[in-house]
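Here is a short briefing on nonpolar packing and aromatic pairs. Look at the sequence and the model first.

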Amino acid sequence: MNPQILLVEDEVRIAQLVELELSDSGYQVNIAHDGQDGLELAQTLQPDAIVLDWTLPRLTGLEICQQLRAEGNAVPIVFATAMADSPHQQAAMAAGANAYVVKPYSIGDLVETITAQLPIPA
């Protein structure tokens, strides 16, 4: 079965582009366009990895990351965000993120970053 990725991105065009590239790379992709929906999908779908934007309606990517880690959820989390400054990156990593990619990013770099976070199939 293909690894399942949850993409939480409020910009529809970016979400569609990332979904297309991830699908072409062999991933099954679920999308949420706001933070609350993203958190609920993360809790119910139990994806193999989560890609979070920082700035989202209802809950931020940081709040999602903090909530999942507080629940003991160790799913790999990759931030893909325009928040390029060091304090945001440090806050994400302190909250338990596994990787941080800054927009505008190369879609190939994002796919490689996600792939690097997944366990190697047996």
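A nonpolar core is a set of buried Ala, Val, Leu, Ile, Met, Phe, Trp, Tyr and Cys residues joined through side-chain atoms within 4.5 Å. Buried means under 20% relative accessible area, exposed over 50%, and partly exposed in between (1.4 Å probe, protein chains only). This is a predicted model: local features need pLDDT of at least 70, side-chain atom pairs count only at pLDDT 80 or more, and totals for chains, interfaces and linings use all residues. Residues are numbered from 1 along each chain as its sequence is written, and side-chain values use heavy atoms, with hydrogens and water left out.

**Cores**
- The largest nonpolar core has 21 residues. Val8, Ile50, Leu52, Ile64, Ile77 and Phe79 have the most contacts inside it.
- Two or more residues each come from β1 (4-8), α2 (35-45), β3 (49-52), α3 (61-70), β4 (77-81) and α4 (86-95). Helices (H or I, at least four residues) and strands (E, at least two) are DSSP runs, numbered from the N terminus.
- α3 gives the most to this core, with four residues.
- A second, separate core of 19 residues includes Leu22, Val29, Ala80 and Ala99.

**Aromatic pairs**
- The structure holds two aromatic pairs. Rings of Phe, Tyr and Trp (its six-membered ring) pair if their centres lie within 6.5 Å; planes under 30 degrees apart count as stacked, over 60 as edge-to-face and the rest as tilted.
- The Trp54 and Phe79 rings have centres 5.5 Å apart and planes at 45°, so this pair is tilted.
- Trp54 lies in the loop between β3 and α3 and Phe79 in strand β4, so the pair ties together parts 25 residues apart in sequence.
- Ring pairs link Trp54, Phe79 and Tyr100 into a cluster.

**Burial**
- Trp54 counts as buried at 10% relative accessibility; Phe79 counts as buried at 0%.
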